[in-house]
Amino acid sequence: MPKQSARQSDDQQRSAAAPSRQLWISAACPVVDHDARPESEAPSSRPSLSPRCVGIMAASAGIAVANLYYNQPMLPEIGRSFGVDADVIAVLPMLTQIGYALGLFLFVPLGDVVDRNRLVAALLCGIIVSLLALALAPSLVWLDIASLTLGMTSAVAQVLVVFAAQLSAPQQRGRVIGTLQAGIIAAILLARTLSGTVSAHFGWRLMFWLAAAMNLGALVVLHRLLRGTPPPAPQPYVRLVRSLKDLWRSYPQLRTSSLIGALLFAAFSVFWSTLAFRLGEPPLGYGPQVAGLFGLLGAAGAAIAPLAGRLTDTQGAGFTVALGTIATALAFVVFMLAGTSLAMLALGVIVLDVGIHAAMNGNQSRVLSLAPQATSRTNTIYMVLYFVGGALGSYTGGLAWHHFGWPGATALGLLYSAAAVLVRFSAWMPATAADDETHKGHSGARGAIAAASAREVR
């Protein structure tokens, strides 16, 4: 009887604990690869990401990407701390973006072959260590190395984007990507504003301490929320990296989208890497706090991201990319005409952010639908070139400012964005939703051919 009573007590305790376990399990993100769904299974029978899960993933991706932009409004302050000129300190955002491109190349493909939860946790730990190194940097060399590693580990944001895209139903993918992009954009805006304000009142080192704390919070939440996920296509890492070449050769649309993205982000980086210097020179004479507050104007970009996702879902990726490239070029025309008018500069920032993020949604939605079993790798190719373009824009923007001032920087940004417009309208890209769906069928066939070719090469 005592043993029976003990068993009943244990059963009651397990029953009492079950609701809490069920509550936590229901809160976790469902692990469903919609692209791998059997043909005979109806899409509606598979669960999709809940708005709560999408929101948490968007916030976490934003916190990670924000690390790339904290230094931009603080560049003059950091330069004065180490006694270097603008053209020297402009290397910092370039190194951060080069690091991001390296991280995309080295780490994001692992999302196709390892548990993404562990990958996310490892990269977030790397972010925290890099931020602490920046906060304690005793020299410019130390600062450069820490900026590079921070960029590399911040690639965790794209692991989360690919994860969300793969778990979302195809007919909702544009909107899910748009939501994550909205979180990323909002974080970028807050990053510039927060870092400008903190550095103006408390110094630039404190900003990196605060960033480390925020990334630690994201690590704790994501580690508990995301379930372990088996890799969809396990294979050796070297073979995985080699397959990037096969994907690049097999999808012309991947090449076109990557080039457009790189050119647009180069233009974007030219502007943001030189704005603080423009606002600080006479007759304006504003400090890093005002440069950071300009980032809030990019809230239009965060607002447009979900709308761009709906446009991509209904009108096709080509339509959204066309709107984005044209808007980006128009923004630099506004900057050229702005003179010392803060109102004109503000208008240009709004148009720039709307254009950049509309084109980003169209490009990334297309890239993530090309090869369902290689989404991490196609996104790697796209984002590596995207941030190579950003690094090029940051560096050449600093040179243009040093030699030609604001007119040279705006002319360079217009050159990059006009080239993106040219690529968009000279290369084939579906302009309507119907054409987009047809292209999906063709790309699926090409994906099968590419996979077969890759197996033969291996």
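**Cavities and helices at a glance**

The count comes to 3 cavities of 30 Å³ or more, a cavity being a set of points on a 1 Å grid over the protein atoms alone where a 1.4 Å probe fits but cannot get out. This is a predicted model, where local features need pLDDT of at least 70, side-chain atom pairs count only at pLDDT 80 or more, and totals for chains, interfaces and linings use all residues. Residues are numbered from 1 along each chain as its sequence is written, and side-chain values use heavy atoms, leaving out hydrogens and water.

**Largest cavity**
- About 180 Å³ of space lies in here, a volume being the space filled by probe spheres set on the grid points, which are joined across faces, edges and corners.
- Its lining has 18 residues, with Ile184, Ile188, His357, Met360 and Tyr386 nearest the centre; lining residues have an atom within 4 Å of a point.
- Helix 8 (156-167), helix 9, helix 12, helix 16 (342-367) and helix 17 each give two or more residues to that lining; helices are DSSP runs (H or I, at least four residues), numbered from the N terminus.

**Second largest cavity**
- This one has a volume of about 50 Å³.
- Helix 7 gives the most to its lining, with 3 residues.
- Among the lining residues are Asn71 and Ile78, both of which are also buried residues of helix 3; buried means under 20% relative accessible area (1.4 Å probe, protein chains only).

**Helix 9**
- Helix 9 is mostly covered, with 21 of its 30 residues buried.

Notes: Buried < 20%, exposed > 50% of the residue type's maximum accessible area, 1.4 Å probe, protein only. 1 Å grid on protein atoms, 1.4 Å probe; cavity = no way out; pocket = protein on both sides within 12 Å on 5 of 7 lines; lining within 4 Å.
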